[in-house]
Amino acid sequence: MPLKKTSKIWMDGKYIDWDDAKIHVCSHVIHYGTSIFEGIRCYKTRKGPAIFRLEPHIKRFYNSAKIYRMEPELPREEFMEACRETIRINKLEACYVRPVIYRGYYELGVNPFNNPINMFIVVWEWGKYLGPEALEQGVDVCVSSWDRIAPNTHPTLAKAGANYMNSQLIKMEAVKNGYTEGIALDTNGYVSEGSGENIFLVMDGMLYTPPLGASVLPGITRNSVMALAEELGYQVIEQMIPREMLYIADEVFFTGTAAEISPIRSIDKITIGKGKRGPITEKLQNLFFEVLDAGVENRMAWLDFI
C-alpha cells in the first residue's frame with residue numbers, strides 16, 4: 001500500500017513540504033547504508049493522541065547512532081519534542097512515526113567521517129502491519145533459510161538501515177513461498193526473530209523468548225509484553241530456543257511496533273496449538289490494547305500525550 005502523504009516532514013530542524021523533502025543521490029547513506037531509524041506509533045486514545053513509549057524509542061535511537069559513531073548534536077529531549085510537534089503540525093490522531101539519522105552529502109568512500117549527520121522525522125497513517133485479521137486469526141510463517149546476522153559482524157542491538165537487508169531476504173523468501181512472514185535462526189541454529197518482529201512461545205503456561213545474545217533487536221514492544229505478562233502472573237523466561245520448540249509450543253506470537261501482538265497459527269505448515277490465537281496471547285492483546293487506549297491508569301508512563 002503506498003504511503004499516504006501528510007503535510008510536513010521535519011528535516012534538520014525545519015518543516016518541509018512532503019514533496020520537497022529530498023536528499024542528494026550522492027548522499028553517503030544511499031551508497032553505504034549509513035542510517036539509523038526507529039518505528040514508533042501514535043495511538044488515538046480515549047484521552048487524545050498519545051505516542052507509545054516515546055522516551056525508550058528515542059533512547060534506543062540515540063544508542064544505535066552511538067554504536068555507529070554518528071551521534072547527532074541535537075539533545076534527545078529536543079528531538080522528542082520535534083516528534084510530538086511533527087504529529088501536531090500534521091493534525092494526526094493516530095500515525096506511524098519514522099525518525100531517521102543518516103550520513104548525508106559530501107564525499108563518497110567507506111570512511112564516513114567527513115559526511116554530515118542529518119536527521120528527519122516523517123509521520124503517516126498506517127494500519128496493521130500483518131493485516132487486521134492477523135491479530136485474531138494468526139498468520140502462517142516459515143523458518144527462513146537465511147540466518148540472522150552473526151555476532152561481531154553487524155551490531156544487532158542497533159536499529160540500522162543496513163541490517164534490514166538481511167530482513168528483506170527473510171521477508172522476500174517467505175512471501176515468495178506463500179507465507180506471511182519468516183522466522184530467522186541465529187548462526188548457532190537457535191531461534192532469533194522474524195524479519196521485523198521479536199518472537200514469544202507459550203508452553204505449559206510459561207512464556208519463552210530468545211535472549212539478546214541470539215542476535216535479536218531489543219524491542220520496545222518485546223519489553224512491554226514481558227512486563228504485561230508478569231503483571232498477569234505469567235513467568236517469562238529468556239533462553240536459547242531450539243527450532244523444534246516452535247513446532248510443539250502451545251502458542252507462538254510476534255511482537256513489534258508494527259506487528260503489535262500478532263499470533264502465529266502455523267510454522268512450516270505445522271499447526272501451532274489449535275491453529276488460531278491462543279488464550280494467553282489473547283489476554284496479553286486485550287491488556288496491551290487497553291493500555292494503548294488509555295483504558296487503564298498510565299502507571300508505567302507508557303503513553304506520551306500530544
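**Spaces and salt bridges in a predicted model**

About 110 Å³ of space lies in the largest cavity. This is a predicted model, so local features need pLDDT of at least 70 and side-chain atom pairs count only at pLDDT 80 or more, while totals for chains, interfaces and linings use all residues. Residues are numbered from 1 along each chain as its sequence is written, and side-chain values use heavy atoms, with hydrogens and water left out.

**Cavities**
- The structure holds five cavities of 30 Å³ or more. A cavity here is a set of points, on a 1 Å grid over the protein atoms alone, where a 1.4 Å probe fits but cannot get out; lining residues have an atom within 4 Å of a point.
- A volume is the space filled by probe spheres set on the points, which are joined across faces, edges and corners.
- The lining of the largest cavity includes Arg-148, Lys-159, Tyr-164 and Glu-193, and it divides into five nonpolar, four polar and three charged residues. (Nonpolar covers Ala, Val, Leu, Ile, Met, Phe, Trp, Tyr, Cys and Pro; charged covers Asp, Glu, Lys and Arg; the others, Gly among them, are polar.)

- The largest pocket has about 640 Å³ of space. Its lining counts 31 residues, with Phe-37, Arg-98, Lys-159, Tyr-164 and Gly-196 closest to the centre. A pocket is an open set with protein on both sides within 12 Å along at least five of seven lines.
- Helix α5 (164-176) is one of the elements giving at least two residues to that lining, and α5 has the largest share, five residues. (Helices are DSSP runs of H or I, at least four residues; strands are E runs of at least two; both are numbered from the N terminus.)
- The second largest pocket holds about 290 Å³, and among its 18 lining residues Tyr-32, Gly-33, Thr-34, Tyr-68 and Pro-112 lie nearest the centre.

**Salt bridges**
- A search of the whole structure turns up 18 salt bridges (a side-chain nitrogen of Lys or Arg within 4 Å of a carboxyl oxygen of Asp or Glu).
- Arg-60 pairs with Glu-38, closest N and O atoms 2.7 Å apart. Arg-60 lies in helix α2 and Glu-38 in the loop between β3 (35-37) and β4 (40-45), so the pair ties together parts 22 residues apart in sequence.
- Arg-60 is buried at 9% relative accessibility, and Glu-38 is buried at 0%. (Buried is under 20% relative accessible area, exposed over 50%, partly exposed in between, with a 1.4 Å probe and protein chains only.)
- Glu-260 bridges to Arg-41 at 3.8 Å between the closest N and O atoms, linking strand β15 to strand β4 across 219 residues.
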